[in-house]
Amino acid sequence: MSTSTETLLTSTAAKTVKAWAAQSAASSLAPFSIQRRDPLPGDVVIDILYCGVCHSDLHQVRNEWHNSIYPVVPGHEIVGRVVRTGRDVKRFKEGDLAAVGCMVDSCRVCASCLRGLEQYCEKFPTFTYNGSDKHLGGPTFGGYAESIVVDEAFTLKIGANVNLAATAPLLCAGITTWSPLRHWKAGPGQKVGVVGLGGLGHMGVKFARAFGAHVVLFTTSPGKTEDALRLGAHEVVISRKAHQMRKHASSFDFILDAVSASHDINAYLSLLKLDGTLTLVGAPEAPVPVAAFNLLLPRRRFAGSAIGGIAETQEMLDFCAERGIVSDIETIGIQQINEAYDRLLKGDVKYRFVIDMASLKH
């Protein structure tokens, strides 16, 4: 252990709280005790009420991205209630609702951070879990836990009249789809495609419709047609049917690809019009082959996007509270988390699992 880490561990008091963790890539999630720091002057202490289950949680628990630090306590779609604040905290008081997304810190001084793009911090953001804990040492631990302590600058406000459980997935699934749709200015007069009607895709459909675009949902599952239309799609294309795909050739301004499984990106690139953009927000495990001429003719763009900055996330939460936009969810107890992961792999959820963290006390 380095001297700096020793100093952190001895100078920062901590409290033991209940959590669920994976101890290895092959192990199931199980009860575990973790340390949360005592609040520093700028910190907010949040009792976690609900935590969404993201596909990233499954990737990290099973080390599918080859960067997991064990033990892993997943969870970065956190909604809870403030129970304590540091003396310098201005925006929160005890009893307030609060939320935490994918990040709990960044360098705050690089060009990206100064633009409010902390997710692209040049020194890398501190992620809510599987990051490096600057205060206690070791990995950061996420929202599958009783409580969390977060700097006020990375704590988000939640409206008093929202559905808290259904709001939780907005902290990742919501902002991950909101950010690229806003960045590429999806709106009235545009034709926008969304690939995949899962945890991410169903939010992409809701946002694109709310922004005023003509929305087309691409799915391999005919059984999702009714849901897609209910969620806001104007049209549904079964991507396995070549004649349905050909009908939309060279017609899209923007396509949001929310699929994490391996699939043919070229089939969707060919649907973009001149200067159209396909943005990938899913994270396939294997590299994605792209045919050069699908980009060269007619000057199409293939891009990526990762979550959103803190200010942008707050903007999204406020917009959703005003419009009554939430995720479609299935609520579970923490004891069902391993079963939920198995179901997630099969696409057997409409469209996001959310853990009721009161179950952690049982």
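**Ground rules.** I number residues from 1 along each chain as its sequence is written, and I leave out hydrogens and water, since side-chain values use heavy atoms. The model is predicted, so local features need pLDDT of at least 70 and side-chain atom pairs count only at pLDDT 80 or more, while totals for chains, interfaces and linings use all residues.

**Entry: helix α5.** I took helices and strands as DSSP runs, numbered from the N terminus (helices are H or I, at least four residues; strands are E, at least two). I looked up α5 (residues 173–183) and α11 (residues 310–323). Their axes lie 10 Å apart, and the packing angle is about 100°. Axes here are lines fitted to C-alpha atoms, for helices over the stretch in contact, and angles run from 0 to 180 degrees between N-to-C directions. α5 and α11 are therefore roughly perpendicular, a label for 65 to 115 degrees.

I then listed the contact, meaning heavy atoms within 4.5 Å. From α5 come G174, I175, W178, S179 and R182. From α11 come E312, T313, E315, M316 and F319.

Is α5 mostly covered or uncovered? It is mostly covered: nine of its eleven residues are buried. Buried means under 20% relative accessible area, exposed over 50%, partly exposed in between (1.4 Å probe, protein chains only). Among the buried residues are A173, T176, P180 and L181. The cover includes β10 (191–195), α6 (201–210), β14 (272–280) and β17 (352–356), along with β13 and α11. Just after α5, I noted K185 with a positive phi of about 55°.

**Entry: H248.** I found H248 in the loop between α8 (242–246) and β13 (252–257). H248 counts as buried because its relative accessibility is 4%. Which residues touch H248, leaving aside neighbours within four places in sequence? They are K191, V216, E235, V237 and L271. I also checked H248 against L345, 97 residues apart along the chain. Their C-alpha atoms are separated by 30 Å.

**Entry: salt bridges.** How many salt bridges does the structure hold? It holds 16. I counted a side-chain nitrogen of Lys or Arg within 4 Å of a carboxyl oxygen of Asp or Glu.

I looked at D43 and R37. Their closest N and O atoms are 2.8 Å apart. D43 is buried at 2% relative accessible area, and R37 is buried at 12%.

Next came D105 and K134, at 3.5 Å between the closest N and O atoms. D105 lies in strand β6 (residues 103–105) and K134 in the loop between β7 (126–127) and β8 (147–151), so the pair ties together parts 29 residues apart in sequence. D105 is buried at 13%, whereas K134 is partly exposed at 40%.

D151 and R108 meet at 3.2 Å, N to O. D151 sits in strand β8 and R108 in the loop between β6 and α3 (111–114), so this pair ties together parts 43 residues apart in sequence. Both count as partly exposed: D151 at 22% and R108 at 34%. I also traced one network, in which salt bridges that share partners join K206, D227, R230, D328 and K350.

**Entry: surface patch.** F293, L296 and L297 make a nonpolar surface patch of about 360 Å². F293 is in helix α10 (residues 292–296). F293 counts as exposed because its relative accessibility is 59%. Patch residues have over 30% relative accessible area and no salt bridge; like charges are joined within 9 Å, nonpolar side chains (Val, Leu, Ile, Met, Phe, Trp, Tyr) within 5 Å.

Notes. Areas by Shrake-Rupley, 256 points an atom, 1.4 Å probe, with all protein chains shown as cover. Parallel < 35°, antiparallel > 145°, perpendicular 65-115°, else oblique.
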